[in-house]
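Here are my comments on the model, as numbered points. Please read them with the coordinates open.

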Amino acid sequence: MAQPSGSWICDGTPKNGQSYPNASGAHPPYENFGPDCVVCGLPREAMAAASPRATGGTFPVALVALLIAAAGLVGGIGYLGYRLLLGDRNPTGQPTVNANADSRHLISQTSSRNSAYISQGEKILINEPNPQRAALKQEAALAFDQGNWAAAIAKYQALVDADPNDPEARIYLNNAQARQAGQPMTMAAVVPIGSSPDTAKEILRGVAQHQTNFNASAPNRALEVAIVNENSPNGVTSLAEDLINSSVQGVLGHGADANSRAALQRYEQAGMAALSPLTTSVTTGAGTTVKVQTLSLSQKGQQLLETYLDNAANTLAKMAAKTVPNPKVALIYNSDSPYSNDLKTKLAVTLPRFGASVVQEIDAAAAGFNASQAMTTARQAGANTAILAMSRARVNDAVALAIANQTQPPPIQLFGSDQLYTPDLLIKGDSAINGMILAVPWSTSPNDPFAQQAAQAWRGQISWRTTTAYDATQALARAMDQGGDRAATQQLLRQGVQIQGQTASNSFDQVPLVQAVPGTGGPRGSNYQFNSLTGI
């Protein structure tokens, strides 16, 4: 039976009276395009009371790999670097800069339906658990909303001084200073605050760090960043419309999954440049020129996805063969994610080339999936290794598998995809994930100057999302500064802009590996951290 067309909204709570034991539970409203929710796993029919909206189908866009493209996610929210999506056409006849937009006005003031999900500093979007900081943030936001820049600067500065690890406060501090200076140029950072606040913070740290550096360089116009929570119940296309009809000069954010394609179509039609979380930055030199290749989304996206998956599968297979003698592998994936499906397929082909054999394939999205039974099945098949080729929406399942593995001695060696590189894996998995090895697009090293600078700025270790967000913000800010409007920004990016790439590892050739080990360098509440693995 064909699935109904159009998008649908899921909040993780079934509306049809049925029980779904494998779903992960309630979450902020999220717009889906496929048969199952990418956040919690509920099927579309569970939201019988929701009102789906029709959306368009495929569309052609012009694409550029920012730095050297290596990877893409096509199913589920992920942040594997950034690819530039540039609209070559303007079929709607809209001007490339909204004639009615006024940079003095706040975007949320002119938003048709998404005011609560957009902020330049006039509201707090990320939950603050500390009551005193929450109160001070509200005071700072009120001052910003009233245009009292001196008060907003003082209050946001106090918040940054008290917690240097807070990217939202730092961006709003920079914004207040930019507004006080007058006539800032504005970009939007669209991040998954509702569905994945930790991921959103990691990205915003990279954005904030370059914004701070850029504004300190005495540019022609200071850079202002509008933070946008992409989990608006009105959907990403509605958010895109609000950004198009504003003073925003460029957009950083959105995913490469089906949820984002309608939004990217609207940016293309309106002539707005968008840096979409799709590709991995792999530059190691002093500078990189961003160039444009004009291909359709399906052509270029599939090409980049294939490249990354080939490299990730190759790296995981090689490490499995090195770590476990005569590896017999259980591949555990979730069929509701194209990314997970494709990685599993690549691994099944690649593992035998390194002397490993695939003895079992287990679908975590199958009805009645049970982590303990899955590990028992893997052992009965003779597996001494398990590769969790799973998407971010299945991190809780990955933790359950690790715990089941720990309780069924002897434990087998666990490997995983970049999508499991999250605080939840370290915090919830605890000792069960000790020794787990993940393939990720970037990892820090003691000799990496950018990692050292970022760790000092944020008082802690950063992730690859922070690094690639920094690079993407740098490219967009430079083009915006030199161009002055949307059309010129696009043209400059097509010609190529010189940036100082900050990625430490060349994941085009080999995706780096990290291992979970005991330590204090992980997220708050965790007894484990990820350390880089070298010499494979």
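1. Start with the contacts of Arg 394. Neighbours within four places in sequence aside, Arg 394 touches Asn 22, Gly 41, Asn 334, Asp 336, Ala 364 and Ala 365. The model is predicted, and side-chain atom pairs count only at pLDDT 80 or more.

2. Where does Arg 394 sit? Its place is the loop between strand 13 (385–389) and helix 11 (395–406). Is Arg 394 buried or exposed? Its relative accessibility is 7%, under the 20% cut-off, so Arg 394 counts as buried. Leu 420 is 26 residues away from Arg 394 in sequence, yet the C-alpha to C-alpha distance is 8.3 Å.

3. The chain as a whole gives some context. It holds 15 helices and 18 strands. Of its 536 residues, 57% are buried. Take the contacts between residues at least 6 apart in sequence: 75% of them join residues at least 24 apart. The accessible surface comes to about 19800 Å², and carbon and sulfur atoms account for 50% of that.

4. Next, the helix pairs. Two packed helices are described by the angle between their axes and the distance between the axes. For helix 2 (residues 131–145) and helix 3 (residues 149–162), the axes come within 7 Å and cross at roughly 155°. Angles over 145 degrees count as roughly antiparallel, so helix 2 and helix 3 are roughly antiparallel to each other. Their crossing is left-handed.

5. Which residues make this contact? Helix 2 supplies Arg 133, Leu 136, Lys 137, Glu 139, Ala 140, Ala 141, Ala 143 and Phe 144. Helix 3 supplies Trp 149, Ala 151, Ala 152, Lys 155, Tyr 156, Ala 158, Leu 159 and Ala 162. By class, the contact of helix 2 with helix 3 has 12 nonpolar residues, four charged ones and no polar ones.

6. Helix 3 also packs against helix 4 (residues 167–181). Here the axes come within 9 Å, and the crossing angle is roughly 155°. Helix 3 is therefore roughly antiparallel to helix 4. The crossing of helix 3 and helix 4 is left-handed.

7. On the helix 3 side, the residues are Trp 149, Ala 150, Ala 152, Ile 153, Tyr 156, Gln 157, Leu 159 and Val 160. They meet Ala 169, Arg 170, Tyr 172, Leu 173, Ala 176, Gln 177, Arg 179 and Gln 180 in helix 4. The contact of helix 3 with helix 4 divides into 11 nonpolar, three polar and two charged residues.

8. Now the backbone. Pro 410 falls in the loop between helix 11 and strand 14 (413–416).

9. Gln 183 is not a glycine, but its phi is positive, at about 55°. This residue lies in the loop between helix 4 and strand 6 (185–191). Gln 183 has a relative accessible area of 47%, so it is partly exposed.

10. Asp 430 also has a positive phi, about 45°, although it is not a glycine. Its loop runs between helix 12 (423–429) and strand 15 (437–439). With a relative accessible area of 27%, Asp 430 is partly exposed.

Note on methods. Residues numbered from 1 in each chain as written. Predicted model: local features only at pLDDT ≥ 70, side-chain atom pairs only at ≥ 80, totals over all residues. Heavy atoms only, no water. Axes fitted to C-alpha atoms, helices over the stretch in contact; angles between N-to-C directions. Helix = DSSP H or I, 4+ residues; strand = E, 2+ residues; numbered from the N terminus. Parallel < 35°, antiparallel > 145°, perpendicular 65-115°, else oblique. Left-handed = near helix turned anticlockwise from the far one by under 90°. Contact = heavy atoms within 4.5 Å. Nonpolar A, V, L, I, M, F, W, Y, C, P; charged D, E, K, R; others polar. Buried < 20%, exposed > 50% of the residue type's maximum accessible area, 1.4 Å probe, protein only. Areas by Shrake-Rupley, 256 points an atom, 1.4 Å probe, with all protein chains shown as cover.
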